[in-house]
Amino acid sequence: MATTSLATSNATGSPTRLRAPARLALQIALLLGSVLMLAPFALMLLVSLMPLSAFMKREFSLSVLTLNNYVETFRVVPFGRYYLNSIFVTVSVTIGQTLIASLAAYAFARLRFRGRDGLFMVYLATLMIPFPVTLIPNFLIIKSLGWFDTYLALIVPGLFSVFATFLLRQYYRGIPLDLDEAARMDGASSLRIWWQVIVPLSGPVLATLAIFTFQGVWNEFLWPLVVINSESMRTIPLGLAAFVGQFKTAWNLLMAGSVIALLPILIIYILGQKWFVKGITLSGMGGR
Amino acid sequence: MVALLFCFHLMATSDRSLTPASPQPKRGRFGWRPDQQWEGYLFILPSFLGFFVFIALAVVISLGISFSDWGLTGWRGFAGLTNYQQMLRDPVFWQAFWNTAFYIVIIVPSQLILGLLMAVALNQAIRGRSFYRLIYFMPVVTTIVAGAIVFRLLLANNGPVNDLIRWVNSLLGLSIPVPNWLGSSQFSKWAVVILTLWKNTGFTMVVYLAALQGVPQELYDAASVDGASAWRRFLNVTVPLISPTTFFLFVFQTIGAFQLFTEPFVMTQGGPANSSLSVVQYIYLAAFRDIRMNKASAMAWFLFLFIFTFTYLQNRLQQRWVYYETD
């Protein structure tokens, strides 16, 4: 077998060049994979645009397409309110968490004070604790603070993240210390160095972290499920789950609701794809 | 949840990632500096408050509740190991436990293999790579609740998947059984597995893709010169060089699968007859439906102990099969 010619080395690096038949087979396999991955989205969109009866009889034609399901969904479920709740909570947590983590990461990485490394090790150790362990006490804490069923319950616990602190600390340690020293010579305070030297230098990692947090908070389900009770406080995933409980097999409405719920995050994903992927690889490599 | 899962990965790799990205200049002044003492505390204060209340305090409370007689009104007395004993005697807990074990055993290897296949395919010089990557990763950012709803429809008794099976049957004269995915205890777990694979495999793919791009081309070239076939090169060059990534994904996804919640919660409600109930789902139900927070806390700590032991053992075992480049 002429195996050596199957992959002649190319100058640019990793991707190997395949022969034409192998390339064709690969394209077909990848296309099939895409069909499998996209089918649920396609079904969602299709059913959301059809009357339920037409879908049940599998009548697929252009003439049955309608936007009525969307009108009906917005009529029976306050999706507008869910949107506002989700946007408010997600934006607050993302900005707050990034700032708080950045401040702490700056101190952990670049200031010298007693107990710094010990405290950081304690932070790291808590990464092992699974979410279900803190779920119940956090619910009790929120309740005793009088925050049950409020925005505070959705936002405040999310403001603190060991993961974000860790990721930023790793990055900040890589920035040359001479920059701080030079700024300090010029009489800059630590706060000023953080804001005017470190933060501007860490734009990409902050953006990656922010979009990553945004995605996580937007899709969060278990925590809101525990601390939210009233309909007007629901976020999108919560509202959607309640919608399923209410309209078990009204597939046309459920699919319209799902499309409404997914649209913002999918648009953000498609526009900012490279940041999502960067976030994964960044964390996958342990923050390096 | 995804962000949360990442934390567990960091724990797994922390010994490597704790080393600084670039060595800090040493200027002969180690230790703390008095002028930065209070500044340091002030910078950390907001983060520390959150840490103290929602993690440190929470852990203590949780541990306390798990050893208490805890009712609707709160603390009623010390209960010793009663909650743990009740948990171990509860058949539903064991059912949830074995269901979760099933999820882990099926989901983790499938996801590793499928993800690696996809990554290897996308690491070739072919047209449309970024398009495929966009598509394969799309379910990862999708709200799980919406994903679960669509799969409820896809896998419904008269849903499109069963339509397809019936169509293949009539076309080829076969008699593949048409499963009642969501309504039978035999298939409900598989429904959860299918949803999870669709949702998460793209993540595995992206992590593997980054690892594959880090394998030096010279090694492939050298192997080719020695007459190694493409398959041999994959087995003897690629697989060992990406084994640290495989290790990370293995631990990370197992911990994730231990904590499966939303998928069965929305798609099957854990049913029928608890056949798809996961441990975290049972913890949730015990705490917030049955208001048995003491028992739920005991289960949460049992889960923690299990995850901890698993991760510890994996870390010990990794030297047997994970290849780390030595400088």
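## Terms and model

Helices (H or I, at least four residues) and strands (E, at least two) are DSSP runs, numbered from the N terminus. This is a predicted model, in which local features need pLDDT of at least 70 and side-chain atom pairs count only at pLDDT 80 or more, while totals for chains, interfaces and linings use all residues. Residues are numbered from 1 along each chain as its sequence is written, chains are lettered from A in the order in which they are written, and side-chain values use heavy atoms, with hydrogens and water left out.

## Interface of chains A and B

Contact means heavy atoms within 4.5 Å. On that rule, 116 residues of chain B touch 117 residues of chain A. The size of an interface is often given as the accessible area lost when the parts come together. Here the buried area (accessible area lost by two parts on being put together, 1.4 Å probe, summed over both) is about 10,600 Å². Carbon and sulfur atoms give 73% of this area.

Polar contacts are pairs of N or O atoms within 3.5 Å; within protein, one must be able to donate a hydrogen and the other to accept it, and residues adjacent in sequence count only if both atoms are side-chain atoms. Between chain B and chain A, 15 residue pairs meet this rule, both residues at pLDDT 80 or more. On the chain B side, helix α2 (residues 34-66) gives the most, with 21 residues. By class, that side has 77 nonpolar, 27 polar and 12 charged residues. Nonpolar covers Ala, Val, Leu, Ile, Met, Phe, Trp, Tyr, Cys and Pro; charged covers Asp, Glu, Lys and Arg; the others, Gly among them, are polar.

## The salt bridge across the interface

A salt bridge needs a side-chain nitrogen of Lys or Arg within 4 Å of a carboxyl oxygen of Asp or Glu. One crosses the interface of chain B and chain A. It joins R58(A) and D163(B), at 2.7 Å from N to O.

D163(B) also pairs with R166(B), at 3.8 Å between the closest N and O atoms. Both lie in helix α7 (residues 160-172) of chain B, three residues apart, so about one helical turn separates them.

## Salt bridges within a chain

Over all chains there are nine salt bridges. One of them links E72(A) and R75(A), with the closest N and O atoms 3.0 Å apart. These two are three residues apart in helix α3 (residues 68-76) of chain A, about one helical turn. Buried means under 20% relative accessible area, exposed over 50%, partly exposed in between (1.4 Å probe, protein chains only). E72(A) is partly exposed at 28%; R75(A) is exposed at 61%.
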